[in-house]
Amino acid sequence: MPHLNAARRHLVHFTVNGRMVRAEVENRMLLSDLLRHEIGLTGTHVGCEHGVCGACTVQIDGKPARACLTLAQQIRGSNIRTVEALATDPAVLSPLQAAFRRHHGLQCGFCTPGILMSLDALLRERPDAGRKEIREHLAGHLCRCTGYATIIEAALDAAEEQRKEETPNA
Ligand code: FES
Ligand code: FES
């Protein structure tokens, strides 16, 4: 009879930032570890490792999700986006990233990838999100540098830029 703790491996196929990936993962491997240690996408940060800080937030099929609470074997067939997907050219920031720079929306930057991935998902779905909605959406993100005010201003600015782009003559 196999030992209960025997590490079982699973073959998973998924897409990450538009690239098909095939990986063999152990039962309890976390998505955050798979992304960082096996695929080399270290932009996804890991803080608390138990779903509290939001630093590890990525998008799974367009929705923000905590990579530290997701088992790698759960993402079979999913479409994952990490912070590395935001700037399509390494030399050019995405509009959301540019707004963070304009408003000094980051200090040490540890919380930033998770916040960006959360906001990117929100603004795709709700481009007219206002201050209250943005604040509520970011309620599960902790910034140990406490730069919340500038993060909200950056998000509002990015939302406005996005609306202008979508309706240039409005
Ligand atoms: S590292 Fe995942 S929520 Fe903190
Ligand atoms: S900018 Fe330092 S933790 Fe948020």
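**Helix packing.** I took helix α2 (residues 95-102) against helix α3 (residues 112-125) and got an angle of about 125°. Their axes are 10 Å apart. The model is predicted, so I log these as computed values. Angles of 65 to 115 degrees would count as roughly perpendicular and those over 145 as roughly antiparallel, so α2 and α3 are oblique to each other. The crossing of α2 past α3 is right-handed.

**Backbone.** I looked up positive phi values next. Most residues other than glycine have a negative phi. E49 has a positive phi of about 65° and is not a glycine. I found E49 in the loop between α1 (31-38) and β3 (57-60). E49 is exposed, at 51% relative accessible area. D61 also goes on the list, with a positive phi near 50°. D61 sits in the loop between β3 and β4 (63-66). Its relative accessibility is 49%. Exposed needs over 50%, so D61 counts as partly exposed.

**Salt bridges.** How many salt bridges are there? I get 11. I then went through some of the pairs.

D120 pairs with R81, and the closest N and O atoms are 2.8 Å apart. This bridge links distant parts of the chain: D120 is in helix α3, R81 is in strand β5 (residues 79-81), and 39 residues separate them. Are these two partners buried or exposed? D120 is buried at 13% relative accessibility. R81 is buried too, at 18%.

R126 and E133 meet through their side chains at 2.7 Å, N to O. R126 is partly exposed, with 32% relative accessible area. E133 is partly exposed at 25%.

E153 bridges to R131, with the closest N and O atoms 2.8 Å apart. E153 lies in helix α5 and R131 in helix α4 (residues 131-137), so this pair ties together parts 22 residues apart in sequence. I note E153 as partly exposed at 31%. R131 is partly exposed at 42%. I also logged a network: R9, E24 and E26 are joined by salt bridges that share partners.

**Surface.** Which residues form it? They are V52, L142 and Y148, with about 260 Å² of accessible area together. I placed Y148 in helix α5 (residues 148-166). Y148 is partly exposed, with a relative accessible area of 37%.

Definitions and conventions
Residues are numbered from 1 along each chain as its sequence is written. Chains are lettered from A and ligands numbered from 1 in the order in which they are written. This is a predicted model: local features need pLDDT of at least 70, side-chain atom pairs count only at pLDDT 80 or more; totals for chains, interfaces and linings use all residues. Side-chain values use heavy atoms; hydrogens and water are left out. Patches are made of residues with over 30% relative accessible area and no salt bridge: like charges are joined within 9 Å, nonpolar side chains (Val, Leu, Ile, Met, Phe, Trp, Tyr) within 5 Å. Accessible areas come from the Shrake-Rupley method with a 1.4 Å probe; for residues, only the protein chains shown count as cover. A salt bridge is a side-chain nitrogen of Lys or Arg within 4 Å of a carboxyl oxygen of Asp or Glu. Helices (H or I, at least four residues) and strands (E, at least two) are DSSP runs, numbered from the N terminus. Buried means under 20% relative accessible area, exposed over 50%, partly exposed in between (1.4 Å probe, protein chains only). Axes are lines fitted to C-alpha atoms, for helices over the stretch in contact, and angles run from 0 to 180 degrees between N-to-C directions. Angles under 35 degrees count as roughly parallel, over 145 as roughly antiparallel, 65 to 115 as roughly perpendicular and the rest as oblique. A crossing is left-handed if the near helix is turned anticlockwise from the far one by less than a right angle, and right-handed if clockwise.
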